[in-house]
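Visitor: I have a model open and would like to talk through some of its contacts. Could you take me around, starting with charged pairs?

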Amino acid sequence: MRLHWSMRTILLLLFLLSISGCENNTKQTESIVPPVGNEVNSDLSGTIVMMTNRIDLIENGTFQGYADQFKLKYPEANVEFEGLSNYATDILVRLSTKDAGDVLLLPVNLPAKELDYFFEPLDEKTTAGERFPSFSSYEGKRYGLSTGTTTIGIVYNKRAFEKAGITSVPRTLDEFYEACAKLKQAGVIPLYMNYGAVWPLREWGNTLVNYMAGNPEYLNNMINEDSPWQLDNEWGKSISIARTLIAKGYVEDELFSNNWEISKTKLAKGQAGMYLLGNWTIRQVLDVGASPDDIGFFPFPYDNNDTHYAPIHSDWFIGVSKFSKNKELAMAWLNYFVKETSYKDDWGFLPADGSLKPAMPQYREFLSYKPKLLDTTVQSDAFIDLANRAKLSFWSGDYIQELLAAPDLQKAFDELNAKWKEARAETQVASQP
């Protein structure tokens, strides 16, 4: 049975926990100023834990390498890492028990008004130059730093395209389907959807509909509708494309297996042709053996128009836990990780300064097709509250999996609309004096 954690449940748990342990009852109102640059603080010592979704970087030693460099600066300090495979869901449970490490990625479905319950505010020196000022902030305080800047598109294997006789990347949806048919005919998995891993399905839901519409407020505006899921709007178009790919056999056969790691190798070897994912995927595919010359990147042609939108948004934000026992060391590591390690450059993120002049050729290829770049906006507390009330895990991909498997998409949409309408009614009642 799958558990759905609402913010009200989390806060109740926190209240109950605070009764049994009062060590964290005093609410901190001042941010901790961390040492940055070449400063050395001999008093920084102890061990902290960083929670992350990048299990691969724990296993291959990359994160430990960053920690070893940090230890040269702070010899008495140690950084350990814990990875969560379903981070968006699991981290909420961990926060509810005050067991979420010292430094962690901010939950994407946490209302801004509740950031102060779980995270330490960051000082102005730490947040100077942050590209996404409207995110991870509340009432003038910032609680997280961006770990990278991303876009979404089709990561593809050029050798697989050549094998299938595809001489140019598809620029329309019809051409995209034609490319899929040619890849299948050539014995290549056209698009690895990673249905069994679940989280990659987010791209077919809230990610895609937001930029297909050319309106970064698309999801936020759903709070004004009782029935936002319709076959003829962006939701219907996006899910229908994914369902078409499945129906025509243009995706992997083993749908219910979590083959994320396997899929990267298949794409690297040209056994799979494409992903619909973020640019961060490119580095991971290269790391499992793909030649840089074999991997390309182009905007997803979600319709038959001449041009298409593509989002520019932050990857995860990272902050310091309110429940950390070593906040000063945690702040020092936060600054070091974001500003001094090579994480952003090494793992496939676009430049953080807004220049959009990336060094990797795959990004330059993507921009050469001249997509309309759309800056994303933070999801409003009202939207997050409605999603939680409706028990819809927008950020995990679970409900997208259900929509793709539904025998009748209209009926599945009707069920979502009913939950949404009920949640709206509850919100209106709750807001009445």
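**Charged pairs and a helix contact**

Guide: E120 and K322 are both buried, where buried means under 20% relative accessible area, exposed over 50% and partly exposed in between, with a 1.4 Å probe and protein chains only. This is a predicted model, in which local features need pLDDT of at least 70 and side-chain atom pairs count only at pLDDT 80 or more, while totals for chains, interfaces and linings use all residues. Residues are numbered from 1 along each chain as its sequence is written, and side-chain values use heavy atoms, with hydrogens and water left out.

Visitor: OK, and what do the side chains of E120 and K322 meet in?

Guide: They meet in a salt bridge, at 3.9 Å from N to O; the term stands for a side-chain nitrogen of Lys or Arg within 4 Å of a carboxyl oxygen of Asp or Glu. The pair links distant parts of the chain, 202 residues apart, with E120 in the loop between α5 (115-118) and α6 (124-127) and K322 in the loop between β13 (317-320) and α14. Helices (H or I, at least four residues) and strands (E, at least two) are DSSP runs, numbered from the N terminus.

Visitor: How many salt bridges does the structure hold?

Guide: It holds 12, and one of them is formed by K73 with E340, whose closest N and O atoms are 3.2 Å apart. Because K73 lies in helix α3 and E340 in the loop between α14 and α15 (343-346), this pair ties together parts that are 267 residues apart in sequence.

Visitor: Is K73 buried or exposed?

Guide: K73 is buried, with a relative accessible area of 12%, whereas E340 counts as partly exposed at 39%.

Visitor: Switching topic, at what angle do the axes of α3 and α14 cross?

Guide: The axes of α3 (residues 62-73) and α14 (residues 327-339) cross at roughly 115° and come within 11 Å, the axes being lines fitted to C-alpha atoms over the stretch in contact, with angles from 0 to 180 degrees between N-to-C directions.

Visitor: And which residues make that contact?

Guide: On α3 they are F63, Y66, A67, Q69 and F70, and on α14 they are L329, A332, W333, Y336 and F337, with contact meaning heavy atoms within 4.5 Å. By class, the contact has nine nonpolar residues, one polar and no charged ones, where Ala, Val, Leu, Ile, Met, Phe, Trp, Tyr, Cys and Pro count as nonpolar, Asp, Glu, Lys and Arg as charged, and the others, Gly among them, as polar.
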